[in-house]
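The following paragraphs guide a reader who is new to this structure.

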Amino acid sequence: MERQFKAMSETAILKSHTFTDRMFRRLFLPTLFSAIGWALGDIADALFVGIRLGKIGLATMSLVAPVYMIYNVLDVGIAIGASVKYTQALGKGNAKKGVEIFSQMLIVAVVTSILVGVIGMAGMPYILRFLGAGTPHGELWTYTKEYLQIMFLGAPFTFLYFLLYYCVRCDDNERLASAGYTIGFLTDVVASAVFIMGFKLDVKGAIYATVLGKAIGVCIFMFHFTRKWAILRFRPVKPNFGIILSALKTGMSSSVGYVGQFVALIVVNNLLLHIGGSNALAILNVVQDVSYVALAIYTALGDTVQPLSATFFAEHNKAAIKRVMSFGIKIGVISGGVIAIAFAVFAPSVCRLFGLSGEAITTGAFAVRLFCLSIIPAGLNITWSSCFQAIKREKIVFLINQLRTFVCFLGFALVLSHLELKWFWFTFLGAEILTLVIWAPIARFKKQKVSDKVFTYLLDVNNADISGMLNKTEAFCEENNASSKQAYFITMCVEEVCQAITENAFNKDGDEYIQFTLCFENDGSVMLHFRDNAVNFNPFAMKMGQDYDDPEQLASLGIQMVKSKSKQFFYRRYSGFNTLTIEV
């Protein structure tokens with residue numbers, strides 16, 4: 001860290017927050033609305049089914065929950081892996097690779113969704129028995145079967161929905177991504193009310209609404225591909241198992257936790273049926289639905305932290321990653337505390353809202369209040385997991401998710417199930433705290449090895465000292481044994497790019513900055529990253545030519561030289577800033 005910022009004063013470091021702070025705010029608000037929409041969509045089914053059918057309806061929703069865990073292993077794993085690798089490729093300035101990654105993973109998503117649907121329909125009786133749906137053709141069996149049949153048929157929409165949301169969001173169109181995601185889930189909410197309460201379709205109405213919401217969301221996401229500036233595209237590609245496996249490794253490091261959650265929920269469902277009957281299973285469903293809303297803020301924080309951390313990781317900007325995480329943790333702790341207090345106060349009313357009655361309300365309120373104590377530790381686990389995933393620390397991500405959703409959760413459940421039912425609800429709190437206690441020292445001890453050959457400089461355009469920046473850049477090159485030819489070209493590139501941006505993009509009014517980062521990568525390549533807060537301006541889009549009587553062509557001579565000597569260059573407008581990456 002000291003090496004990276006030795007060229008920056010404390011004042012310059014504070015000014016550099018102009019970029020990270022605005023990028024965080026710009027991305028966080030749309031993802032927050034998306035997370036709220038997701039939470040409302042998830043609880044809508046249980047809410048209306050509970051009102052319509054009572055505890056048998058809530059018990060059905062608890063039984064199908066483990067199937068969603070397997071879904072999430074695949075659809076979320078594919079989506080997150082694709083989006084993280086796509087973002088990292090663009091952060092390195094390789095748009096062609098980013099498009100190939102998306103194209104490969106889109107094919108994987110479609111093929112996987114079809115296989116899931118076929119296998120699910122063919123193996124329906126075995127799945128129902130495994131879930132513990134009771135006797136064949138019984139009420140619980142019938143409701144669960146009706147739900148799962150429609151769920152498997154709608155699998156392609158679910159897989160495309162998550163893949164397009166994550167990738168469109170990372171292609172600098174977070175507003176459209178948020179709109180599609182939120183409208184999709186709100187459609188689920190409205191359609192659930194209409195299908196369940198209006199048309200009396202019961203649990204079939206719930207899953208019809210869910211599939212409809214996903215289909216509408218996919219249609220909205222498709223508008224992104226009509227934008228001329230969009231980088232994200234599908235291109236016919238041959239399967240590249242190296243790219244696919246790399247993306248799956250990244251995505252599955254978090255989503256594979258759903259496998260453990262699947263097993264844990266199966267065991268917990270059966271435990272609760274044994275010690276508390278359908279009432280206990282209904283209370284579990286209420287607690288799970290409360291968790292969707294309570295943890296929505298952390299879903300939003302994770303979805304904000306992840307693409308930003310991946311971008312800054314590609315630029316070796318450790319300070320920016322630390323700043324982003326600082327924002328996330330502060331917001332998470334404060335908002336999580338407020339949410340926990342609100343749910344604890346209104347716990348009995350929440351239980352009544354979901355259709356619980358009599359003694360179940362008292363037990364349910366106690367369970368909800370105990371869950372509230374786990375909200376902040378759960379949020380810390382979720383937010384840090386998203387950051388670790390973006391910076392290629394998949395092993396820590398895997399550890400966190402396996403601990404909190406499987407190992408610790410199931411361990412506490414098995415132990416506490418031998419006591420009175422009320423003690424069982426300490427499972428959530430115990431699992432989250434123990435997870436935090438285990439992974440935090442491990443992550444701190446096993447620090448990631450990254451290149452320390454990084455130089456960062458913040459240029460204040462209104463008090464520009466380009467010569468000082470060039471001198472420090474040249475000294476950094478010498479320190480890292482760059483050849484004289486390489487050092488000359490790097491400094492020339494820095495000078496020409498900064499001069500072009502300063503003269504053509506800024507108004508010389510107010511806080512105007514160019515952040516420059518130079519990195520000697522471990523693979524021998526040299527990367528230059530520029531980010532500025534000017535209006536849209538791509539130096540490489542300037543009018544090129546050799547007509548010296550043309551002022552525009554004359555002004556671009558330096559950029560033409562940079563363009564001819566660079567191995568590759570890439571410009572994009574990202575999170576409200578101009579971002580330029582050059583490999584020399």
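**Helix packing, backbone and cavities**

Helix H11, which covers residues 296–314, packs against helix H15, residues 375–390, at an angle of about 25°, and their axes are 7 Å apart. Because angles under 35 degrees count as roughly parallel, H11 is described as roughly parallel to H15. The crossing of these two helices, H11 and H15, is right-handed. The model in which this packing is seen is a predicted one.

A further pair is formed by helix H2 (residues 55–91) and helix H6 (residues 155–169). Their axes come within 8 Å and cross at roughly 25°. H2 and H6 are therefore roughly parallel to each other, and their crossing is right-handed.

What is the angle at which the axes of helix H19 and helix H20 cross? For H19 (residues 466–479) and H20 (residues 484–504), the value is roughly 155°, and the axes come within 9 Å. Since angles over 145 degrees count as roughly antiparallel, H19 is roughly antiparallel to H20. The handedness of the crossing between H19 and H20 is again stated as right-handed.

Helix H10 spans residues 257–294 and contains Val 286. Is Val 286 buried or exposed? Its relative accessibility is 1%, so Val 286 counts as buried. Along the chain, Val 286 and Gly 57 are 229 residues apart, while their C-alpha atoms are separated by 12 Å.

The backbone also deserves attention. Most residues other than glycine have a negative phi. Against that background, two residues may be examined in turn. His 137 is not a glycine, yet has a positive phi of about 70°. The position of His 137 is in the loop that runs between helix H4 (124–131) and helix H5 (139–153). With a relative accessibility of 69%, His 137 counts as exposed, because the term applies to values over 50%.

Asp 202 also has a positive phi, near 55°, and is likewise a residue other than glycine. Asp 202 belongs to helix H8, which comprises residues 202–221. Here the relative accessibility is 13%, and Asp 202 therefore counts as buried, since the limit for that term is under 20%.

How many cavities of 30 Å³ or more are counted? The count comes to two. The second largest cavity holds about 40 Å³ of space. Its lining consists of Glu 315, Asn 317, Gln 515, Thr 517, His 529, Phe 530 and Arg 531. Strand S2 (513–520) and strand S3 (526–532) are the elements that give two or more residues to this lining. Which of the elements gives the most to the lining? That element is S3, with three residues.

Conventions: Residues are numbered from 1 along each chain as its sequence is written. This is a predicted model: local features need pLDDT of at least 70, side-chain atom pairs count only at pLDDT 80 or more; totals for chains, interfaces and linings use all residues. Side-chain values use heavy atoms; hydrogens and water are left out. On a 1 Å grid over the protein atoms alone, a cavity is a set of points where a 1.4 Å probe fits but cannot get out, and a pocket is an open set with protein on both sides within 12 Å along at least five of seven lines; lining residues have an atom within 4 Å of a point. Grid points are joined across faces, edges and corners, and a volume is the space filled by probe spheres set on the points. Helices (H or I, at least four residues) and strands (E, at least two) are DSSP runs, numbered from the N terminus. Buried means under 20% relative accessible area, exposed over 50%, partly exposed in between (1.4 Å probe, protein chains only). Axes are lines fitted to C-alpha atoms, for helices over the stretch in contact, and angles run from 0 to 180 degrees between N-to-C directions. Angles under 35 degrees count as roughly parallel, over 145 as roughly antiparallel, 65 to 115 as roughly perpendicular and the rest as oblique. A crossing is left-handed if the near helix is turned anticlockwise from the far one by less than a right angle, and right-handed if clockwise.
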